[in-house]
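Have the structure open as you read.

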Amino acid sequence: MMRAGWNGTARVAAWAAGAGGALTAAYLGLVTGAVPVDVGVGRRTRPLGPQTVDIAAPRETVFDVVAGPYLGRTPRAMREKLRVLERGTDMVLAEHCTPIAGGRLTAVTVETVRFTRPARIDFRLVRGPVPHVTESFVLEETAAGTRLVYEGELGTDLWRAGQWWGTAVAARWEATVASSLASVKQEAERRAALA
């Protein structure tokens, strides 16, 4: 007599497919920031930066280049990367979108951004691929213009597994910041040349 139902091999295959799908979904959620892991256990932190950029432009100009898309109207060219969710006079809640995996995926972070004119801009992660990030742009006047110094801290949970994940995220994070700093330098120097 044959029993209705799955045989053992079919059950194992179905379980493996389900587990594989769940792991894939969890990984994609973590990478894109849609499902952050913030359990508060085994927290490890690591520095971000420092990255220093010398800019041949006045400090006010550099500050305006960084702050403008947040405090004013976001330029059309930046709308795929930046969306301000809430705007105040010296602080915003902003969503940043960064293409990853060759542009096939988008990592989304939500951060508070606080502006202390003309010397400092501070970022604090609210939601993203890791549970903790704080960053700052410090603008110092120099004889040649402005020195912009970027520094921060990135934290992950779950001990060594989190530390491994933090190292992977930090590499991409710092590369994205370096690209942003290059854009800030280019735009600030362009504005200074026109003044």
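## The buried side of H3

Start with helix H3: its buried residues are Gly162, Trp165, Gly166, Val169, Ala170, Trp173, Val177, Leu181, Val184 and Ala188. Keep in mind that this is a predicted model. As a general point, an α-helix has 3.6 residues a turn, so residues three or four places apart point the same way.

How far apart are the end C-alpha atoms of H3? They sit 51 Å from each other, and because 36 residues (159-194) at 1.5 Å a residue should span 52 Å, the two values agree.

## Where H2 meets H3

Next up is helix H2, residues 59-71, which packs on H3 at an angle of about 130° with the axes 9 Å apart. Oblique is the range between 115 and 145 degrees here, so H2 and H3 are oblique to each other. Their crossing is right-handed.

On the H2 side, the contact is made by Thr61, Val62, Asp64, Val65 and Val66, while H3 brings Val184, Glu187, Ala188 and Arg191. Sorted by class, that gives 5 nonpolar, 1 polar and 3 charged residues. Two of the H3 residues in this contact, Val184 and Ala188, are also on the buried list for H3.

## A look at Thr98

Now over to strand E3 (residues 91-100), which is where you'll find Thr98. Is Thr98 buried or exposed? Its relative accessible area is 19%, and the cut-off for buried is under 20%, so Thr98 counts as buried.

As for its surroundings, setting aside neighbours within four places in sequence, Thr98 is in contact with Leu105, Thr106, Ala107, Arg172 and Thr176.

Definitions and conventions:
Residues numbered from 1 in each chain as written. Predicted model: local features only at pLDDT ≥ 70, side-chain atom pairs only at ≥ 80, totals over all residues. Heavy atoms only, no water. Helix = DSSP H or I, 4+ residues; strand = E, 2+ residues; numbered from the N terminus. Expected span 1.5 Å × (residues − 1). Buried < 20%, exposed > 50% of the residue type's maximum accessible area, 1.4 Å probe, protein only. Axes fitted to C-alpha atoms, helices over the stretch in contact; angles between N-to-C directions. Parallel < 35°, antiparallel > 145°, perpendicular 65-115°, else oblique. Left-handed = near helix turned anticlockwise from the far one by under 90°. Contact = heavy atoms within 4.5 Å. Nonpolar A, V, L, I, M, F, W, Y, C, P; charged D, E, K, R; others polar.
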